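Have the structure open while you read.

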Amino acid sequence: MSYIRHIAGLIIFCLLCGCASPAIRYHTLTGPGAADHPAVPSLLASLEILPVGVPVSLDRSQIIVREGTDRVYILNDDQWLSPLSDEIREALETRLQAPVSVNPAKAALPAQRLWLQVRRFDARPGQNVSLEADWQLLTREGADRERLSCHSSLTLPVQGGIEPLFPAWQQLISQLARQIADTANTPAPVRHCPGGSPGGAFPEATGEYPALPER
């Protein structure tokens, strides 16, 4: 009888193990950059990154991938470490760190703020990853306010399955950070968007994002 109970217990244990949910794999956009990521120049003045806007359908824990033009898959076993909007903001902050030596009172350029609205953050395994975003740099020097609205559209080819998507996404963030840094480091009279691409509509400074501080 004890032998039968032992076999029955072993069978139940094996069934439970077979039915156990697979471990969730967590991913982040702030991981170590690959050697081929574009170098991001040091900022010449402080830059505050405001909360990043992300489409509601993408701002979730689960990773979303596409197949073809009309199929979307939610990967419950692959998730972001934090909501996608926070991941993108933290990744940009990591890449756009101003040097500690920058003194706001003596900086070559006035303090700036970055407002970013992600439009697309797509992945097609075995094909490409893409990032489209409108962004705006806001500066104030004395009584003068300057706003520059830009648009970035970035794509990278990828091979393989799910895992290659994440270093490719990190590289896209590095490319975006490079465009923002190059623009932020250019004085206002000659500043222009990367590739001359203007951005979309943005909220007023007195609305969705706080007004720039007086200097």
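## Cavities and aromatic rings

Sorting the lining of the largest cavity by class gives seven nonpolar residues, one polar residue and no charged ones. Keep in mind that this is a predicted model.

So who are they? The residues lining the largest cavity are L58, Q62, I63, I64, W80, L84, F121 and W169. Strand 3, residues 62–67, supplies three of the lining residues, the largest share. By the class rule used here, Gln counts as polar and Leu, Ile, Phe and Trp as nonpolar, so Q62 is the polar member of that lining.

How many cavities of 30 Å³ or more are there? The count is two. Here they are side by side:

| Cavity | Volume | Lining by class |
|---|---|---|
| Largest | about 60 Å³ | seven nonpolar, one polar, no charged |

Now for the rings. The structure has five aromatic pairs, and one aromatic cluster is made of W80, F121, F166 and W169. Go back to the largest cavity with that in mind: W80, F121 and W169 are among the residues lining the cavity, and these residues also belong to the cluster, along with F166.

Terms used. Residues numbered from 1 in each chain as written. Predicted model: local features only at pLDDT ≥ 70, side-chain atom pairs only at ≥ 80, totals over all residues. Heavy atoms only, no water. 1 Å grid on protein atoms, 1.4 Å probe; cavity = no way out; pocket = protein on both sides within 12 Å on 5 of 7 lines; lining within 4 Å. Points joined across faces, edges and corners; volume = space filled by probe spheres on them. Helix = DSSP H or I, 4+ residues; strand = E, 2+ residues; numbered from the N terminus. Phe/Tyr/Trp six-rings, centres within 6.5 Å; stacked < 30°, edge-to-face > 60°.
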